Structures are given as structure tokens and as C-alpha cells.
Amino acid sequence: MKNRSSSVKYHKISGDDGYIDAQFIRPPPKVPWRAICLATVLFSFGTLLLVIGSLLFTGHIDVKYADRTYPVLILGSLMFIPGFYHVRLAYYAWKGYKGYSFDDIPDFD
């Protein structure tokens with residue numbers, strides 16, 4: 001049996017190692033506009049529902065059925081918390097704070 005690996009000769013091609021500097025530069029992050037708009041809507045409606053719910057709860061707004069106050073507060077908080085979180089991330093990324101990037105916000109594309 002012949003050893004075929006001994007007949008193969010390797011050599012370097014023209015001194016190029018196959019790497020260029022541009023491939024190590026990070027491209028600018030894509031701004032997820034749809035996700036930021038959704039977060040803004042969630043934040044706005046959540047704030048509105050929390051204000052209305054707290055006014056209903058404290059009695060500033062007269063309500064016929066008091067048991068409808070809790071769902072307004074719960075729905076408001078469920079909308080406010082993720083909306084506030086993602087709006088805050090977007091703001092910090094826009095201002096350029098260290099450790100925050102638009103890559104932290106999920107995109108819907």
C-alpha cells in the first residue's frame with residue numbers, strides 16, 4: 001500500500017491569511033422600531049389603566065361595582081411593567097450608556 005499523504009504538498013498562497021480588518025468591526029446595531037413602538041403603547045396604556053384603577057380604588061371615581069377595580073389594576077400592571085422595561089432599555093441605548101444596546105430589545109422581523 002502506498003502512503004498517499006506523502007505525495008500531497010501544501011504551500012501558502014500569496015501571503016494572505018484570509019482575514020481582513022473589516023470583518024472584526026461590529027456593524028452598527030439595527031434599531032427595532034416596531035418593538036419600541038409596541039413598548040411605548042404598552043407603557044402608555046398601562047400607565048393610564050393604573051391611574052384609572054387607583055382612582056377607582058381610592059373612591060375618587062364613583063363605581064357601581066367595586067369588584068371591577070382589581071382587574072383594571074392587574075391589567076394595568078401587566079401592561080406597564082414590560083412596557084416600562086423596554087422603553088427604558090431603548091432610552092439608555094439611544095443615549096449611549098455603557099452596557100445598553102438596541103440588541104437587548106427583541107425584534108419582530
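1. First, the ground rules. Residues are numbered from 1 along each chain as its sequence is written, and side-chain values use heavy atoms, with hydrogens and water left out. As this is a predicted model, local features need pLDDT of at least 70 and side-chain atom pairs count only at pLDDT 80 or more, while totals for chains, interfaces and linings use all residues.

2. Helix 1 has 26 residues and spans 37 Å from first to last C-alpha, close to the expected 38 Å (1.5 Å times one less than the number of residues). Gly59 follows helix 1 and has a positive phi, near 90 degrees.

3. Helix 2, with its 27 residues, reaches 38 Å between its first and last C-alpha, close to the 39 Å expected. Just after helix 2 comes Gly96, again with a positive phi, of about 85 degrees.

4. Now for the packing. Buried residues (under 20% relative accessible area, 1.4 Å probe, protein chains only; exposed is over 50%, partly exposed in between) of helix 1 are Ala35, Ile36, Ala39, Gly46, Gly53 and Leu56. These pack against helix 2 (contact means heavy atoms within 4.5 Å). In helix 2, the buried residues include Gly76, Met79 and Gly83, and helix 1 is part of what covers the buried residues there.

5. Phe57 and Tyr70 are edge-to-face, because their ring centres lie 5.9 Å apart with planes at 65 degrees. Since Phe57 sits in helix 1 (residues 33-58) and Tyr70 in helix 2 (residues 69-95), this pair ties together parts 13 residues apart in sequence. Tyr70 is partly exposed, at 48% relative accessible area.

6. Tyr91 and Tyr92 make a tilted pair, as their ring centres are 5.9 Å apart and their planes at 50 degrees. Tyr91 is partly exposed at 41%, and Tyr92 is partly exposed at 23%.

7. Finally, which helix holds Leu48? Leu48 lies in helix 1 and is partly exposed, with a relative accessible area of 46%.

How values were computed: Rings of Phe, Tyr and Trp (its six-membered ring) pair if their centres lie within 6.5 Å; planes under 30 degrees apart count as stacked, over 60 as edge-to-face and the rest as tilted. Helices (H or I, at least four residues) and strands (E, at least two) are DSSP runs, numbered from the N terminus.
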